Amino acid sequence: MGDLKGTLGFDGWVMSDWLATHSTKALRQGLDQEMPLGVHFAPLVLKVALATGSLAEADVDAALTRMRTPPLPSPAAALARRCPRPPL
């Protein structure tokens, strides 16, 4: 993984500058979201990269996890923590 997440230990979400992404390799190096359209992170392009082995499913999973994790605790998350969970 790139310097930001590997060397510096940043564990947050990283979004590209507009039209600054040049390949799916950026996802493997720590970029989580391509802006504005997702040309290199489009579903078909990612499927090809996964099929050819140039991208690991774990990289995609990690990026999705970071994008869906709120950067700061939200009121809804705090409320959810206080509410009892239903039994499984």
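**Note on the R66–D32 pair and its surroundings**

1. A polar contact of 2.6 Å joins the side chains of R66 and D32, where a polar contact is a pair of N or O atoms within 3.5 Å, of which, within protein, one must be able to donate a hydrogen and the other to accept it, with residues adjacent in sequence counting only if both atoms are side-chain atoms. The model is a predicted one, in which local features need pLDDT of at least 70 and side-chain atom pairs count only at pLDDT 80 or more, while totals for chains, interfaces and linings use all residues. Residues are numbered from 1 along each chain as its sequence is written, and side-chain values use heavy atoms, with hydrogens and water left out.

2. The side chains of D32 and R66 also meet in a salt bridge, at 2.6 Å from N to O, the term being used for a side-chain nitrogen of Lys or Arg within 4 Å of a carboxyl oxygen of Asp or Glu. D32 lies in the loop between α1 and α2 and R66 in helix α3, so the pair ties together parts that are 34 residues apart in sequence. By this rule the count comes to one salt bridge.

3. Are the two partners buried or exposed? D32 has a relative accessibility of 4% and counts as buried, and R66, at 14%, counts as buried too; buried means under 20% relative accessible area, exposed over 50%, and partly exposed in between, with a 1.4 Å probe and protein chains only.

4. Which residues does R66 touch, not counting residues up to four places away in sequence? They are K5, D11, G12, W13, G30 and D32, with contact meaning heavy atoms within 4.5 Å. Of these, W13 is 53 residues from R66 in sequence, yet the two are 5.2 Å apart in space, C-alpha to C-alpha.

5. A further polar contact, of 3.4 Å, joins the side chains of S16 and T21. S16 is found in the segment before α1 and, at 10% relative accessibility, counts as buried. Leaving out residues up to four places away in sequence, S16 touches T21, L31, Q33, E34 and M35.

6. The largest nonpolar core has ten residues in all, namely V14, A26, L27, L31, F41, L46, A49, L55, V60 and A63; such a core is a set of buried Ala, Val, Leu, Ile, Met, Phe, Trp, Tyr and Cys residues joined through side-chain atoms within 4.5 Å. At least two residues of this core come from each of α1 (25-28), α2 (43-52) and α3 (57-68). V60 is in contact with L27, L50 and L55, once its neighbours within four places in sequence are left aside.

7. As for the whole protein, there are four helices and zero strands, these being DSSP runs numbered from the N terminus (helices H or I, at least four residues; strands E, at least two). Of the 88 residues, 26% count as buried, and among contacts with a separation of 6 or more, 33% are between residues 24 or more positions apart. The accessible surface comes to about 6,600 Å², of which 64% belongs to carbon and sulfur atoms, as given by the Shrake-Rupley method with a 1.4 Å probe; for residues, only the protein chains shown count as cover.
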